[in-house]
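Hello,

Here is the structure we talked about. Please open it first, then read my notes beside it.

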Amino acid sequence: MARKKIALIGGGQIGGVLTQLIAQKQLGDVVLFDIVEDLPQGKTLDIAEASRVDGFDVNLKGANEYKDIAGSDLVIITAGLPRKPGMSRDDLLVTNAKIMKSVAEGVKEFAPNAIVIIISNPLDAMVTLFQKVSGFPTHKVMGQAGVLDSSRFSTFIAWELGISVKDINAMVLGGHGDTMVPLVRYANVNGVPVMEMLERKYKDAAKAKEVMDAMVQRTKMAGGEVVKLLKTGSAFYSPASSAIAMAASILLDEKRLLPTCAYLNGEFSVDGYYVGVPAVLGENGVERIIELSLDAEEQSALDNSVAAVKSLVEDMERLGF
Ligand code: TXD
């Protein structure tokens with residue numbers, strides 16, 4: 001079987017870690033594209049020179065021209081500026097929309113059959129713009145945010161309960177912004193509701209709720225917490241790992257159920273927008289959206305998050321994108 005070809009558009013912090021993870025997991029050959037000359041060539045050379053030690057056999061190539069991505073099966077896009085302390089993701093809209101438009105044109109021309117995962121912020125708007133400019137089928141264009149937000153939520157729960165994070169299942173839906181919706185009721189430890197575990201730990205329902213509320217709040221602000229510490233950019237290890245989970249599910253047709261920024265056609269009462277929802281990812285991209293039953297409070301939190309996504313998309317359209 002021929003090896004898959006994966007194009008990474010954006011050779012910055014996340015692009016570099018993506019390259020290393022793809023190589024180490026031998027998911028396919030990589031073309032790392034950036035507009036900065038020599039940067040992607042330098043990173044791919046550096047990573048390739050670890051091939052003997054890591055024991056991987058894939059081709060890694062740096063590129064400054066779109067023609068090099070020709071025939072890619074999967075494209076992962078991180079091109080665009082990251083946040084600096086004090087910025088919201090939405091502050092990146094104009095700069096990154098210009099970049100995303102040019103990326104969509106390049107990918108459309110040279111990799112018209114690829115499945116595309118977008119990571120650049122503001123995420124939901126960038127996914128919308130890429131699909132609009134490329135005209136790719138909606139199920140082949142998606143965004144990574146929910147896997148990371150859910151991993152952050154799960155990590156905080158694991159630390160709080162003193163139980164391995166491997167046994168924590170928690171999902172975050174909605175847009176990738178401060179209105180995201182960590183699903184408390186569905187969060188569980190191998191099937192046991194997290195709220196039940198917290199109530200057992202504190203023997204006090206009010207205290208358990210307070211602890212959960214704090215974890216939900218930390219999850220919503222987790223990206224900003226890292227930005228504040230790094231000072232020069234945003235999280236990059238965990239976003240790269242999260243996109244790799246999605247990429248592997250697609251390339252290996254694993255059909256994992258992962259929170260994905262996916263196009264909705266009426267599911268969750270949302271029509272015609274990209275929003276984070278549970279989706280089955282396989283060789284055809286977003287193969288199914290799994291509609292959960294939400295209670296009134298959860299649905300209203302999701303509606304609120306969708307409203308934020310819509311308003312950003314409308315701003316973007318007003319700006320001519
Ligand atoms: O979970 C998530 N979705 C995210 C998203 C979590 C963290 C950060 N997230 C966003 O990813 C972040 O807000 C940024 O918008 C992107 C990329 O973050 P990264 O940390 O990798 O940014 P870098 O290091 O600045 O890299 C961006 C690269 C850089 O090398 C630029 O030269 C390149 O993008 N760039 C371009 N590449 C191709 N084409 C064009 N036009 C272009 N312009 C800049």
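First, the ground rules. This is a predicted model, in which local features need pLDDT of at least 70 and side-chain atom pairs count only at pLDDT 80 or more, while totals for chains, interfaces and linings use all residues. Residues are numbered from 1 along each chain as its sequence is written, and side-chain values use heavy atoms, with hydrogens and water left out.

**The cores**

Start inside. A nonpolar core here is a set of buried Ala, Val, Leu, Ile, Met, Phe, Trp, Tyr and Cys residues joined through side-chain atoms within 4.5 Å. Buried means under 20% relative accessible area, exposed means over 50%, and partly exposed is in between (1.4 Å probe, protein chains only).

The largest nonpolar core has 54 residues. Leu-18, Leu-74 and Phe-268 have the most contacts inside it. Helix α10 (residues 237-251) gives this core its largest share, nine residues. Helices (H or I, at least four residues) and strands (E, at least two) are DSSP runs, numbered from the N terminus. Domain 1 (5-144) and domain 2 (145-321) each supply at least three residues to this core. Those domain bounds come from an automatic or database domain assignment.

Now pick out Phe-268. Contact means heavy atoms within 4.5 Å. Leaving aside residues up to four places away in sequence, Phe-268 touches several residues, including Leu-173, Val-277, Ile-289 and Leu-302.

**Helix α11**

Next, go to residues 296-318, which form helix α11. This helix has 23 residues. From its first C-alpha to its last it reaches 32 Å, close to the 33 Å expected. The expected span is 1.5 Å times one less than the number of residues.

Which residues of α11 are buried? They are Glu-298, Leu-302, Ser-305, Val-306, Val-309, Leu-312, Val-313 and Met-316. Their cover includes helices α4 (93-110) and α5 (123-134). It also includes strands β8 (172-173), β9 (181-182) and β13 (271-282).

At the start of α11, a side-chain oxygen of Asp-295 comes within 3.2 Å of the backbone nitrogen of Glu-297. Just after α11, Gly-320 has a positive phi of about 95°.

**Salt bridges**

A salt bridge is a side-chain nitrogen of Lys or Arg within 4 Å of a carboxyl oxygen of Asp or Glu. By this rule there are 15 salt bridges.

Glu-298 pairs with Arg-185 at 2.8 Å, N to O. This pair links distant parts of the chain, 113 residues apart. Glu-298 sits in helix α11, and Arg-185 in the loop between β9 and β10 (188-189). Glu-298 is buried, because its relative accessible area is 10%. Arg-185 has 45%, so it counts as partly exposed.

Lys-67 pairs with Glu-65 at 3.9 Å, N to O. Salt bridges that share partners join Glu-65, Lys-67 and Asp-68 into one network. Lys-67 is partly exposed at 45%. Glu-65 is partly exposed at 46%.

Asp-149 pairs with Arg-152 at 3.8 Å, N to O. Why are they about one helical turn apart? Because they are three residues apart in helix α6. Asp-149 is buried at 2% relative accessibility. Arg-152 is buried at 10%. Helix α6 covers residues 146-161. Arg-152 also touches Arg-89, Ala-222, Gly-223, Ala-235 and Ser-238, not counting residues up to four places away in sequence.

Best wishes

Technical notes: A polar contact is a pair of N or O atoms within 3.5 Å; within protein, one must be able to donate a hydrogen and the other to accept it, and residues adjacent in sequence count only if both atoms are side-chain atoms.
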